[in-house]
Amino acid sequence: MDYSQKIARQIAGIPRSGIRDFFELVQGREGVISLGVGEPDFTTPWHIREAAIYALEKGHTSYTSNLGLPALRKAIARYVSDFFHVEYEALTEVLVTVGVSEAIDIALRALINPGDEVIYHEPCYVSYSPSIVMAYGTAVGVHTRKRDGFSLKPEELAKVITPKSRVLMLNFPTNPTGATASREDLEGIAKLCIEHDLFVLTDEIYSELRYDADEEHVSIASLPGMKERTVLLHGFSKAFAMTGFRLGYACAPQPITEAMMKIHQYSMLCAPIMSQMAAIEALENGAPEVAKMRDAYHQRRDFLVKRLNQMGLSCHSPGGAFYVFPDIRGTGLSSKEFAMRLLEEEGVAAVPGSAFGESGEGFLRCCYATGFDDLKLAMDKMERFVGRLA
Ligand code: PLP
């Protein structure tokens, strides 16, 4: 059978993830040090795991309300109020999802009509452009630059807004660059969104992982006039090291959560109950462990930035997330060639910047959610590799 004729055109046109391509090469190789996967190396804190175990022990194995457990939505509304300084009505403006991944998908499907333009800043998380296309939108990437710390400048955003622009996707701190956005830039971006009637989808999954004391995390949802035109997405995967729990949430005005719910109730029904119960524990008592993990990431960031610059790969010090994005253009290799050869010759896996969009070419994403011993070894090996290229 010719299966190519059986696959929907919209899906057939979506490229495979550059990360997946690369990791298929890594699989099966012995002794590789991976700076590749964007996943905490920490196990979920014990008291959070215990809450999930307790949920099972107590026989909590059912569906929950489609929106999520009321107790969890209340805990989320309190946390978002304390952390992001935005007030949401727990029972109508908070929707619990299966990871931020599901929230991105259903928010886009709820907000855009075929052909609407969705703007996002690039290099970006690999799912954004495909998710826009799967929602029948047109993906419009704005390139960000090393000299701006890969942050989105309002003047660059202004250049790509058209009458068809409908949604702006933001992600600060950013995967893959670790970029953060200043309050001033966010205010400029917010002004443009209000002027051009854009809705904002802000993925703040790395917001707890900020390292520079002189910088505060500002959510665009907290700026004047923005809550009513913003969907704030957050989750448990990164800061709480809960990737396998598959839990996230969206906070938005009630008509928007209601529209997202229409999709969620038929596609997912609800997020897993034991994960939801564990998440209540995470929000209520998880702060000390989050702080410990953040301190560890902070030390690793400083170490990597120093070593990469010392070996001649210029690398800005990103304010957040757990990635560094060194400039490898001086080596004369493409990001794919660099990553392939580093893997072949030294057994170190990092992701070519091109996997995150055109503007990622010339850079490499190194994830530092890896223990210090491995990071040190990886840097020694990379230095030897770069030395041979010189
Ligand atoms: N958003 C960004 C920016 C990410 O980097 C990731 C995972 O790497 C996700 C969303 C997916 O998060 P979740 O595990 O909550 O689906």
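Modeller: Let us begin with a definition: two strands pair if DSSP finds at least two bridges between them. This model is predicted, and in it strand 9 and strand 12 pair in the antiparallel sense over two bridges. At the level of residues, V324 stands opposite C366 in strand 12.

Colleague: Which order do the strands of this open sheet follow?

Modeller: The order is 9-12-11, so written for an open sheet of three strands with antiparallel pairing. Strand 9 and strand 11 (351–352) stand at the edges with a single partner strand each, so one side of each has no neighbour in the sheet. Strand 11 is joined to strand 12 (residues 364–367) by two bridges, and these strands run antiparallel. Here P352 has L364 of strand 12 as its bridge partner.

Colleague: Are the faces of strand 12 buried or exposed?

Modeller: The cut-off matters here: a residue is buried if 20 or more other C-beta atoms lie within 10 Å of its own, and exposed if 12 or fewer do. In strand 12, L364 and C366 lie on one side and R365 and C367 on the other, and all are buried.

Colleague: How many residues of strand 7 are buried?

Modeller: Six of the six residues of strand 7 (residues 230–235) are buried. T230, L232 and H234 point one way, while V231, L233 and G235 point the other way.

Colleague: Which strands are joined to strand 7?

Modeller: Strand 6 (residues 199–203) is joined to strand 7 by four bridges, and the two run parallel. Four bridges also join strand 7 to strand 8 (residues 248–251), but these run antiparallel. L232 illustrates both pairings: T202 stands opposite L232, and L232 stands opposite C251 in strand 8.

Colleague: Which residues have a positive phi although they are not glycines?

Modeller: D197 has a positive phi of about 55°, and A321 has one of about 60°. D197 is in the loop between helix 8 and strand 6, whereas A321 is in the loop between helix 11 and strand 9. Their surroundings should be read separately. D197 is exposed because 9 other C-beta atoms lie within 10 Å; A321 is buried because 29 other C-beta atoms lie within 10 Å.

Colleague: Where are the cis peptide bonds?

Modeller: The angle to read is omega. The peptide bond from E122 to P123 is cis, with omega near 0°, and P123 is in the loop between strand 3 (117–122) and helix 6 (128–134). A cis peptide bond also joins N175 and P176, with omega of about 20°. P176 is in the loop between strand 5 (165–170) and helix 8 (183–195).

Colleague: Which residues are the closest to the ligand?

Modeller: The closest are G99, V100, S101, N175 and S237, among 13 residues that surround the ligand. Helix 5 (residues 99–111) gives the largest share of this shell, three residues.

Colleague: How is the chain divided into domains?

Modeller: The domain assignment gives domain 1 (3–44 + 288–389) and domain 2 (46–285). Their centres, taken over C-alpha atoms, are separated by 24 Å. The contact takes 35 residues from domain 1 and 37 residues from domain 2. On the domain 1 side, helix 2 (18–26), helix 11 (287–310) and strand 9 (323–324) are the elements that give two or more residues. Helix 11 gives the largest share of that side, six residues. The residues of that side divide into 15 nonpolar, 14 polar and six charged.

Colleague: What does the UniProt annotation cover?

Modeller: The unreviewed UniProt entry carries the annotation "domain: Aminotransferase class I/classII large" for residues 31–371. Over residues 31–371 the chain is 38% helix and 14% strand, and the end C-alpha atoms are 15 Å apart.

Methods
Residues are numbered from 1 along each chain as its sequence is written. This is a predicted model: local features need pLDDT of at least 70, side-chain atom pairs count only at pLDDT 80 or more; totals for chains, interfaces and linings use all residues. A residue is near a molecule or strand if its C-beta atom, placed from the backbone, lies within 6 Å of it. Domain bounds come from an automatic or database domain assignment. Two residues are in contact if their C-beta atoms, placed from the backbone, lie within 7 Å. Ala, Val, Leu, Ile, Met, Phe, Trp, Tyr, Cys and Pro count as nonpolar, Asp, Glu, Lys and Arg as charged, and the others, Gly among them, as polar. UniProt positions are given in the numbering used here, feature names are shortened, and annotations may be inferred rather than shown by experiment.
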